[in-house]
Amino acid sequence: VSTQSTWDIMVEKISKIVIVGSGNIDFFFGVDRLPAKGETVHSTSFSIKSGGKGANQAAECALLGTKATFIAQVGKDAYVNMLEDDLKSRGVDTSKMTKLADNVCGQAYIFLYPDGDNSILTVGGANVAWDKTSPFSPEQIEAIKGCDVLLLQREIPEYVNVVAAKIAKENKKIVILDLGGIDVPLTKELLANVDVLSPNETELARVAECKIAPGIEGMIETCKQVQKKAPHISFLLKLGSKGSMYINTKGEATQSGVFCDKSMPILDTTGAGDCFTAAFASQFILSKPIEECLRFASAAAYLCITVKGALPSMPKLSQVKAFLETHPHPLHQSQYHSIFICTN
C-alpha cells in the first residue's frame, strides 16, 4: 500500500513553470523615516540580498516543488554570482539566464520602516536592456514552448512580456501576469495574450483606468468592467489585510482571508506579493480548487513577511504545509486587525 499522499503524487509529475522577469540585487536600509530634501538621516541597519520580482517568483516556484526555469538578463558584475548561486541553491534552473558583459545587474534600494512596511527605488540595469527585435534565444523560446505556465511581471520592458506571452499562447500555455512593476497602463497587445492578471488594489485601478468604488463589491465591479473589454481574463487580487480574491471569466468571485500568528511577527513585507502569486501558480497548475489555491498562497505570503529579505524569505513547501497543519483557516479582516494591533 502506497504511503504517498495525493499531494506528493501530484508534485511528482513536476509541473513546469517558466518565469520571465527581473533579477536584482537588493540593498536594504533600516530607517525610521526617509530624509527630506537636503537632509541626512542615519540608517539603523544595512544588508545586501538577492531579489527582483522575477527571481523571487522563480525561487518560490522551485521551493514549492515545480520545475522552475528563470529567463532573465543580468550583468557581469560583482553581484551576479551571488544572485545565480542563491537561485540555484533553491532549485531554480538558471541555464536560460543571459549575462551581459557591458551592463550591471538590476538593483533595488529598499528602505524598511519599523512597522515592517517599505519604500523601494530601482535601477534597471540588465533588466531593461533586452534586444527589441529578438529578445529571446532559441533555447529560451523552446523553454517557453515546453512549460505548463508562464509567469510574468512588469520590471522588464513590456515588449519582452508581449513576445513571451505570444509564444506561450501560440502553444496553448497558461499565462499569469503579476502587475507589480512599472507604473504605466497595460498595453492591449499584452492583455490579449494573458489568462490571469494579478494586481493589488492600486494596480487594479491602473489597469482599469478608473477609480475603484469602496469595498469588495467595488473591486469585483471594476474587474467586470475590464472583462467587458477582455472576457478571457481572470483576476487574482492581492488585497493586503483584506485578504485575496479570485474572479473567474464569468465574474464569479472566490474570497480568502489572511493568516496571522502573534508568535510570528511581521518583519518585512518585501516580496510578499511575489510569493503570493508564485504560490498560487504552483497550486493552480495542479488544478486544485481555487479556495485551496488562495489559502495556500496566503499561508506562503504570511511566512514570507515574517523573515527579512525578499528572495531569502521565500518559504519551502514543507514550511507551508506545516504552517497550514496548525493554521488551517485564514482570518477574516476584523480578526486580523484585532491580532495585528495587539502585536505592534
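The crossing of α4 and α5 is right-handed, a crossing being right-handed if the near helix is turned clockwise from the far one by less than a right angle, and left-handed if anticlockwise. The model is predicted: local features need pLDDT of at least 70, side-chain atom pairs count only at pLDDT 80 or more, and totals for chains, interfaces and linings use all residues. Residues are numbered from 1 along each chain as its sequence is written, and side-chain values use heavy atoms, with hydrogens and water left out.

**Packing of α4 and α5**

- Helix α4 spans residues 138-145 and helix α5 residues 158-170; they pack at an angle of about 50°, with axes 8 Å apart.
- The two helices are therefore oblique to each other (angles under 35 degrees count as roughly parallel, over 145 as roughly antiparallel, 65 to 115 as roughly perpendicular and the rest as oblique).
- I141, I144 and K145 of α4 make the contact with A164, I167 and A168 of α5, where contact means heavy atoms within 4.5 Å.
- Sorted by class, this contact of α4 with α5 has 5 nonpolar, no polar and 1 charged residues (Ala, Val, Leu, Ile, Met, Phe, Trp, Tyr, Cys and Pro count as nonpolar, Asp, Glu, Lys and Arg as charged, and the others, Gly among them, as polar).

**Packing of α9 and α10**

- Helix α9 (residues 272-284) packs against helix α10 (residues 290-305) at an angle of about 145°, with their axes 8 Å apart.
- The crossing of α9 and α10 is right-handed.
- Residues in the contact include F276, F280 and F284 in α9, and L294, F296 and I305 in α10.
- The contact of α9 with α10 has 15 nonpolar, 3 polar and no charged residues.

**S50 in strand β3**

- S50 lies in β3, residues 45-51, and counts as buried because its relative accessibility is 0% (buried means under 20% relative accessible area, exposed over 50%, partly exposed in between, with a 1.4 Å probe and protein chains only).
- The side chain of S50 makes a polar contact with that of D86 at 2.6 Å (a pair of N or O atoms within 3.5 Å; within protein, one must be able to donate a hydrogen and the other to accept it, and residues adjacent in sequence count only if both atoms are side-chain atoms).
- Beyond its neighbours within four places in sequence, S50 is in contact with residues including N24, D26, M82 and P312.

**Positive phi in loops**

- Most residues other than glycine have a negative phi.
- K172, in the loop between α5 and β10, has a positive phi near 60° and counts as exposed at 75% relative accessibility.
- E209, in the loop between α7 and α8, has a positive phi near 55° and counts as exposed at 58% relative accessibility.

Definitions and conventions: Axes fitted to C-alpha atoms, helices over the stretch in contact; angles between N-to-C directions. Helix = DSSP H or I, 4+ residues; strand = E, 2+ residues; numbered from the N terminus.
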